[in-house]
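Here's a quick briefing to read alongside the model. Have the sequence and the 3D view open as you go.

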Amino acid sequence: MKYFDLHCDTLYECYEMRKSLRENDLMIDRAKASGYDEYIQFFALFCGARPPYPIPGRRSLLDLPEEGRLDALLNTAREQLLQNRDWLYQCYSAEDMQSPERRGRAAAFLSIEGAELLCTEEHVQRAYDAGVRLVTLSWNYRNQYACGAAADNSAGLTARGKALVHELVRMGVILDVSHLSDAGFWDLCVETEAPFAATHSNSRAVCLHRRNLTDLQFQEVLRRGGLVGINLYGAFLRDDGEQATLADAVRHIEHFCALGGREVLALGADFDGCDSLPDEIHTAADMGRLAEELLRLNYPQSTIDGLFYNNAANFINRML
């Protein structure tokens, strides 16, 4: 089974908790990723958030000066990828996914979650040079470029945000609208016709959460030949406060497929970025259970293969 995932926060957790990507008690490490015939992961460099209560041994990215936070995460990514080069191969382009040098290793791309990490033009260039190929314009809150849906869905891109959109498109960096406000989403659509991704977002029609995509937004992603990653965070799967199950994830998949989106659906599980997953999923090693559930429901193997790998791989081949 092949598995391509668009979003996890594992590298950020490795930084804050001083853990190793090789072996840990997080949701992704070498053993948890080893069961797949092919595994490709976008590792997010997250802009940071303070936990609601102190956690022993945890440091905070937010204790660093703003201009130093990107470098701290890039250094962590560099060290972790170097220490795990026997099973992880960093990709800078689509060609790297097929490189003979990869030799069966899992592939790692870098992304940024929260463009506040990109304080200046120099930060943008440093991120690109280090391999960042996808940028989420906002996290939950407002930054100098955009506003997150959690803060104000009616606040759009700033002038600097519109300029950043053009610069990232020029550089060949994929734009990610997950977390972005509704107004910011449509502002981005005015600024560029480039395809973009919502790496870890579900359907608002199925679960009424402002972080999820409206049908109109999904149809715009579809029109552009973009990509949407199904998020396994329980609060984005169901809105009644009950424990989520794989059946809830399937409802979002079914709804997007009904909108004609079978070829733009992928997975962005949000491992190590959320504290509530479906009952059947605990780590990345368990994703085969979703494939089994879809098979049980008589989904064609081609649809499952598209969701788990082919759609994301095709998108990256076109974009990078």
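This is a predicted model: local features need pLDDT of at least 70, side-chain atom pairs count only at pLDDT 80 or more; totals for chains, interfaces and linings use all residues.

Residues are numbered from 1 along each chain as its sequence is written, and side-chain values use heavy atoms, leaving out hydrogens and water.

**Helix pair**
- Helix α1 (residues 10–17) packs on helix α3 (residues 69–83) at about 100 degrees, with the axes 10 Å apart; axes are lines fitted to C-alpha atoms over the stretch in contact, and angles run from 0 to 180 degrees between N-to-C directions.
- Helices here are DSSP runs (H or I, at least four residues) and strands are E runs of at least two, numbered from the N terminus.
- α1 and α3 are therefore roughly perpendicular (65 to 115 degrees).
- Leu11, Tyr12, Cys14 and Tyr15 of α1 meet Ala72, Leu73, Thr76, Ala77 and Gln80 of α3, contact meaning heavy atoms within 4.5 Å.

**Cavities**
- The whole structure has two cavities of 30 Å³ or more; a cavity is a set of points on a 1 Å grid over the protein atoms alone where a 1.4 Å probe fits but cannot get out, and lining residues have an atom within 4 Å of a point.
- A volume is the space filled by probe spheres set on the points, and the largest cavity holds about 70 Å³.
- Among the 14 residues lining the largest cavity, Val177, Leu180, Arg211, Leu213 and Gln217 lie nearest its centre.
- The second largest cavity has about 30 Å³, and α5 supplies the largest share of its lining, three residues.

Methods. Angles under 35 degrees count as roughly parallel, over 145 as roughly antiparallel, 65 to 115 as roughly perpendicular and the rest as oblique. On a 1 Å grid over the protein atoms alone, a cavity is a set of points where a 1.4 Å probe fits but cannot get out, and a pocket is an open set with protein on both sides within 12 Å along at least five of seven lines; lining residues have an atom within 4 Å of a point.
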